[in-house]
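Biologist: I would like to learn how to read a fold from its coordinates. Can we go feature by feature?

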Amino acid sequence: MLPPSRGLLWFGLVLGSVCASLESAAPGNSAADALNVLLIIVDDLRPSLGCYRDKLIRSPNIDQLASHSLLFQNAFAQQAVCAPSRVSFLTGRRPDTTRLYDFSSYWRVHAGNFSTIPQYFKENGYVTLSVGKVFHPGISSNHSDDSPYSWSLPAYHPSSEKYENTKTCRGPDGELHANLLCPVDVADVPEGTLPDKQSTEQAIRLLEKMKTSASPFFLAVGYHKPHIPFRYPKEFQKLYPLENITLAPDPQVPAGLPPVAYNPWMDIRQREDVQALNLSVPYGPVPADFQRKIRQSYFASVSYVDTQVGQLLSALDELQLASSTVVVLTSDHGERLKCPAPSI
């Protein structure tokens, strides 16, 4: 956990609109007067955090950041899909303007040559740096993380990303599987690390370099968890005993729901441990014990990312950059932690 007393210039924006906090860091008349910006984006992070009065979740580092920050209580994602949400808040434009509702187009080609937040900082003398998942990869960011428009250097992606959906989850049978629920012994996974750990390490290296730079920096760090699969260090699972995990209070499919409005969560059904449940499509009920395990692993993934945020902010403090850096923490959207339940 972060030390409790610090002279910080932190304006954390948790699960809200990024632009409001960044106004205070807008480039001024000289580089010496400009504040640095650290933008942290956590993938699929719902407000399951202590700072949002969730008594189960252990998120001390994010909670402490929130205690020094402007905490948005009534903010909403423009769309509950990664690419359109990220393009929306990084350009400050609605999906109806960017014309992106899925993952299949690049806004500069199909909608308009709209500037991004990092591009604005770059054009005003900042060194802009991207680590991890900031823009969604693929065509929605032109297979380049919107380079060279948004970034001064090529975006960094962890080398261990390529194992996220492979057979690295040790099952009860002792074999490796591509599972939804994937607590791991980090020493046993390929490369002996995980993407978010690598992103934190790279971000700290960049902070160390920028400490002696004559130019201010805009550093965006995108963490993959708690996005599925729930692949995280197994010690975090112990924070959430299954007997303490409650089920969603409203797991039933609403009566009269139009089929087009229902998400059959096909991405989850592709995982080996979910396939083993032999669920019917699209409304097949998920056993209650597996629902608890899903929620357990989501919460454990949140706590894992919280430690990464803590390490990053501690490095900012140790490098004596905290008093000259605006810190913004947000998410692209949340995660639905309820599944069709068995009829009772």
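Biologist: What share of the contacts with a separation of 6 or more joins residues 24 or more positions apart?

Modeller: This is a predicted model, so read every value as computed from it. In the protein chain, 77% of the contacts with a separation of 6 or more link residues 24 or more positions apart. Isoleucine 41 and phenylalanine 135 give a case in space: 94 residues separate them in sequence, yet their C-alpha atoms are 9.7 Å apart.

Biologist: Where does isoleucine 41 sit, and is it buried or exposed?

Modeller: Isoleucine 41 belongs to strand S1, residues 36-42. Buried means under 20% relative accessible area. Isoleucine 41 has 0% relative accessibility, so it counts as buried.

Biologist: Which residues does isoleucine 41 touch, leaving out those up to four places away in sequence?

Modeller: Its partners are Arg86, Phe89, Val134, Val221, Gly222, Tyr223, Thr330 and Asp332.

Biologist: Now the whole chain. How many helices and strands are there, and what percentage of residues is buried?

Modeller: Ten helices and eight strands make up the secondary structure. Of the 344 residues, 53% are buried. The chain exposes about 15600 Å², and carbon and sulfur atoms supply 53% of that area.

Biologist: Which residues of the largest nonpolar core touch the most other members?

Modeller: A nonpolar core joins buried nonpolar residues through side-chain atoms within 4.5 Å. The largest one here has 63 residues, and Leu38, Ile40, Leu180, Leu219 and Leu312 touch the most other members. Helix H10, residues 288-318, gives the most to this core, with 13 residues. A separate core has 23 residues, including Leu35, Leu100, Tyr106 and Trp107.

Biologist: What does leucine 312 touch, not counting residues up to four places away in sequence?

Modeller: Leucine 312 touches Leu38, Ile40, Thr200, Ala203, Ile204, Leu207, Val221 and Tyr223.

Biologist: How do I read helix packing?

Modeller: Start with the buried residues. In helix H2, residues 60-67, these are Asn61, Ile62, Gln64, Leu65 and Ala66. They pack against H10 and strand S8, residues 325-331.

Biologist: At what angle do H2 and H10 pack, and why are they called oblique?

Modeller: The angle is about 55 degrees, with the axes 7 Å apart. H2 contributes Pro60, Asn61, Ile62 and Leu65 to the contact, while H10 contributes Asp306, Thr307, Val309, Gly310 and Leu313. By type, the contact residues are five nonpolar, three polar and one charged.

Methods: Residues numbered from 1 in each chain as written. Predicted model: local features only at pLDDT ≥ 70, side-chain atom pairs only at ≥ 80, totals over all residues. Heavy atoms only, no water. Helix = DSSP H or I, 4+ residues; strand = E, 2+ residues; numbered from the N terminus. Buried < 20%, exposed > 50% of the residue type's maximum accessible area, 1.4 Å probe, protein only. Contact = heavy atoms within 4.5 Å. Areas by Shrake-Rupley, 256 points an atom, 1.4 Å probe, with all protein chains shown as cover. Axes fitted to C-alpha atoms, helices over the stretch in contact; angles between N-to-C directions. Nonpolar A, V, L, I, M, F, W, Y, C, P; charged D, E, K, R; others polar.
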